[in-house]
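I set out to record what I looked up in this structure, entry by entry.

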Amino acid sequence: MKILKKKALWLTLYAICITLVFLYLLFPSDIVKNKLEESVSSSDFILKTGSLNPSLPFGLKIKNVNLSSGSSSNVYFQGEALDLQFHPFNAFRKKKQISLSGKAYGGNFSGHFQTAPPGFYPPREGSLRFKNIDLGEYTFLKTLTGKHITGKASGNWTHSSGGNGGRNLSGTMSLFLNKGSYPLAEPFLGLSRIDFDRGEIQAKLENRVIKIEKLQIFSPQMDCALSGEIALAEDFKNSPIHMSGEMILSGRKVKMNINIEGTIANPSLRYM
């Protein structure tokens with residue numbers, strides 16, 4: 001009797017494995033790819049993918065991902081690979097849970113987000129961890145800031161939309177920078193840009209205001225520590241900025257207080 005039960009168990013497992021293999025081989029990749037692109041396009045985005053295949057246990061593996069705006073030339077994301085995993089009970093839930101991981105801009109990322117009807121955007125909440133992202137390759141950053149910023153970025157980001165079409169968006173960000181440069185809007189102490197060895201940004205988003213709790217830059221030219229606020233405008237590079245802190249010039253050991261006003265694209269710096 002025990003032998004028969006063991007045989008039945010092994011036959012059941014064998015049948016499940018064979019079924020999974022056939023499902024994988026017969027997976028309608030082109031149909032799912034087209035449906036996914038159509039679904040994303042309905043939210044004023046354009047999604048283009050190179051290939052799509054099933055990913056165990058309940059997901060999709062996509063290569064050569066390109067997500068752009070449906071109403072402008074902005075390219076929001078370009079990735080080498082993206083793995084999406086769907087919660088097995090999503091079909092019975094209004095709020096869908098999706099995990100993701102992938103490679104893009106020379107680095108990698110992972111996280112999760114939660115969506116709700118009628119579409120995937122804006123996500124109700126989510127989080128993302130990223131490592132060694134090449135800021136120079138991320139062209140949308142230049143579109144946002146009006147500046148070509150370089151360096152490697154690692155850190156994490158969380159957000160919650162709070163409903164109302166994403167208008168009550170809140171979130172946090174921890175960003176660590178390594179070996180990059182930031183171009184100045186106008187020369188400062190003979191410098192046209194700041195070449196930094198490392199940097200750190202700690203920020204929160206509340207009521208369309210980014211509160212910079214900590215911004216530190218360490219460079220061969222100077223060390224700088226700032227805090228302040230950025231009030232978000234429709235065009236991010238036109239967002240008013242109000243920040244203050246102190247700067248120490250390398251080699252001279254001279255400490256001075258600084259204030260930054262203006263906008264993201266055209267900041268005005270005063271020092272005392």
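**Entry 1: the surface patch**

I began with L189, which counts as partly exposed because its relative accessibility is 40%; the term covers values between buried (under 20% relative accessible area) and exposed (over 50%), with a 1.4 Å probe and protein chains only. I note that the model is predicted: local features need pLDDT of at least 70, side-chain atom pairs count only at pLDDT 80 or more, and totals for chains, interfaces and linings use all residues. Residues are numbered from 1 along each chain as its sequence is written, and side-chain values use heavy atoms, with hydrogens and water left out.

I located L189 in the loop between β9 (170-188) and β10 (191-206). Strands here are DSSP runs of E with at least two residues, helices are runs of H or I with at least four, and both are numbered from the N terminus. With L269 and Y271, L189 forms a nonpolar surface patch that has about 260 Å² of accessible area together. Such a patch takes residues with over 30% relative accessible area and no salt bridge, and joins nonpolar side chains (Val, Leu, Ile, Met, Phe, Trp, Tyr) within 5 Å, or like charges within 9 Å. The areas come from the Shrake-Rupley method with a 1.4 Å probe, and for residues only the protein chains shown count as cover.

**Entry 2: positive phi**

I then looked up backbone angles. Most residues other than glycine have a negative phi. K179 is not a glycine, yet has a positive phi of about 50°. I found K179 in strand β9, and K179 is exposed because its relative accessible area is 57%. R208, also a residue other than glycine, has a positive phi near 60°. R208 lies in the loop between β10 and β11 (209-218) and is partly exposed, at 39% relative accessibility.

**Entry 3: salt bridges**

How many salt bridges are there? I record 7, where a salt bridge is a side-chain nitrogen of Lys or Arg within 4 Å of a carboxyl oxygen of Asp or Glu. Side chains of opposite charge can pair when their charged atoms come close.

One of these joins E200 to K214, with the closest N and O atoms 3.3 Å apart. This pair links distant parts of the chain, since E200 is in strand β10 and K214 in strand β11, 14 residues apart. Is E200 buried or exposed? E200 is buried because its relative accessible area is 17%, whereas K214 is partly exposed at 31%.

K211 and E206 meet in another salt bridge, at 3.4 Å from N to O. K211 is partly exposed at 33% relative accessibility, and E206 is partly exposed at 37%. For D235 and K237 the N to O distance is 3.2 Å. D235 is partly exposed at 33%, as is K237 at 26%.

**Entry 4: strand β1**

In strand β1 (residues 45-48) I noted a covered face, F45 and L47, and an uncovered face, I46 and K48. β1 pairs with strand β3 (residues 59-69) in the antiparallel sense over 4 bridges; pairing requires that DSSP finds at least two bridges between two strands. Which residue of β3 stands opposite I46? I found S68 there.

**Entry 5: the whole protein**

I closed with the totals. The protein has 3 helices and 15 strands. Of its 272 residues, 33% count as buried. The accessible surface comes to about 16,900 Å², and 58% of that belongs to carbon and sulfur atoms.
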